[in-house]
Amino acid sequence: MFSILNEIGNNSHFRTTAVVLASIGSAAGTYILVAITGYLSFGNSVGGNIVGMYPPGVPATIGRAAIVMLVVFSYPLQCHPCRASVDAVLKWRPRSQTSGTEGSPHRHPLLGPRGNRTPEPMSDLRFSIITTTILILSYIVAMTVSSLEAVLAYVGSTGSTSISFILPGLFYYKISSPDSPTHRGLMKEDDEADDDLSENDDDEGEGSLSRSLTESGLLLRSKKHWRKALLRPLSLALAAYGFLVMVVCLITNTFFIASH
């Protein structure tokens with residue numbers, strides 16, 4: 001998502017939402033079409049690789065060629081974020097409590113080298129080592145595993161559950177910590193916004209209207225604090241639920257693949 005926002009010509013909210021809906025909608029439509037036609041063709045006996053179940057012919061050849069094109073063009077797209085993530089993990093160092101971000105966290109966005117941050121380009125040697133390692137490991141997996149169904153099962157058990165449940169819950173639990181510099185910056189921004197609203201109301205001299213708006217602001221602030229206090233344990237519960245789902249799926253896939 002960050003790569004899309006950095007590279008798209010018009011990265012407005014409307015345009016970005018349209019790109020996301022178009023990509024997810026087209027992919028979902030393709031998956032649903034393949035699923036329905038595969039079930040209509042083979043019923044409950046459908047296998048993990050449905051293209052390999054169809055008899056040789058022009059439609060099956062077109063399907064296999066489409067898979068080849070998919071692998072050729074999707075591999076670089078998958079390798080790019082994988083390399084960036086590995087590089088970020090290798091560069092990560094624990095940050096001391098005194099070196100937290102001052103002021104608003106929005107002044108130091110995640111998208112590109114903005115704010116007071118300086119870009120840290122990857123060296124050619126580091127780029128080559130990480131890329132070669134990814135290529136060799138993926139090649140070993142491709143040559144040793146013959147079942148596409150097994151690969152997708154394990155990827156879905158680990159990667160999908162981590163992205164959908166575990167990591168979002170852990171990220172929110174970490175960011176919403178009262179000791180987090182990001183959390184303190186967000187709370188400071190909310191307080192400053194409420195104070196500015198109160199000062200503007202007092203300057204206008206609206207009396208009862210100003211008091212009612214102030215009371216509404218205090219009520220809204222209390223609701224925000226209550227909601228944040230509730231979401232913090234719920235985010236941890238979401239991460240625990242994702243970890244449970246991952247373990248259950250891994251065990252189920254292992255026994256299912258071993259039985260076959």
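Helix 3 (residues 58-91) and helix 4 (residues 124-144) pack with their axes 10 Å apart and at an angle of about 125 degrees. The model is a predicted one. Two packed helices are described by the angle between their axes and the distance between the axes. Angles from 65 to 115 degrees count as roughly perpendicular and those over 145 as roughly antiparallel, with the rest between these ranges counted as oblique. Helix 3 and helix 4 are therefore oblique to each other. The crossing in which helix 3 passes helix 4 is right-handed.

On the helix 3 side, the residues that meet helix 4 are Tyr75, Cys79, Cys82, Arg83, Val86, Asp87, Leu90 and Lys91. Their partners in helix 4 are Arg126, Phe127, Ile130, Thr131, Ile134, Leu135 and Ser138. Sorted by class, this contact of helix 3 with helix 4 holds nine nonpolar, four charged and two polar residues.

**The chain as a whole**

The protein chain has seven helices and zero strands. Read from the N terminus on, its elements run α-α-α-α-α-α-α. Of the 260 residues in the protein chain, buried residues make up 15%. The protein chain exposes about 19,400 Å², and 68% of that area is supplied by carbon and sulfur atoms. Among contacts between residues at least 6 apart in sequence, 65% join residues at least 24 apart.

**Two individual residues**

Arg64 lies in helix 3, the helix that packs with helix 4. Arg64 has a relative accessible area of 35% and is therefore partly exposed, since that class runs between the limit of 20% for buried and the limit of 50% for exposed. Leaving aside neighbours within four places in sequence, Arg64 is in contact with Val51, Gly52 and Tyr54. For one of these, Gly52, the C-alpha to C-alpha distance from Arg64 is listed in the table below.

Tyr241 is found in helix 7, which covers residues 208-259. With a relative accessibility of 45%, Tyr241 also counts as partly exposed.

| Pair | Separation in sequence | C-alpha to C-alpha distance |
|---|---|---|
| Arg64 and Gly52 | 12 residues | 8.2 Å |

For Arg64 and Gly52, a separation of 12 residues goes with a distance of 8.2 Å.

Key: Residues numbered from 1 in each chain as written. Predicted model: local features only at pLDDT ≥ 70, side-chain atom pairs only at ≥ 80, totals over all residues. Heavy atoms only, no water. Axes fitted to C-alpha atoms, helices over the stretch in contact; angles between N-to-C directions. Helix = DSSP H or I, 4+ residues; strand = E, 2+ residues; numbered from the N terminus. Parallel < 35°, antiparallel > 145°, perpendicular 65-115°, else oblique. Left-handed = near helix turned anticlockwise from the far one by under 90°. Contact = heavy atoms within 4.5 Å. Nonpolar A, V, L, I, M, F, W, Y, C, P; charged D, E, K, R; others polar. Buried < 20%, exposed > 50% of the residue type's maximum accessible area, 1.4 Å probe, protein only. Areas by Shrake-Rupley, 256 points an atom, 1.4 Å probe, with all protein chains shown as cover.
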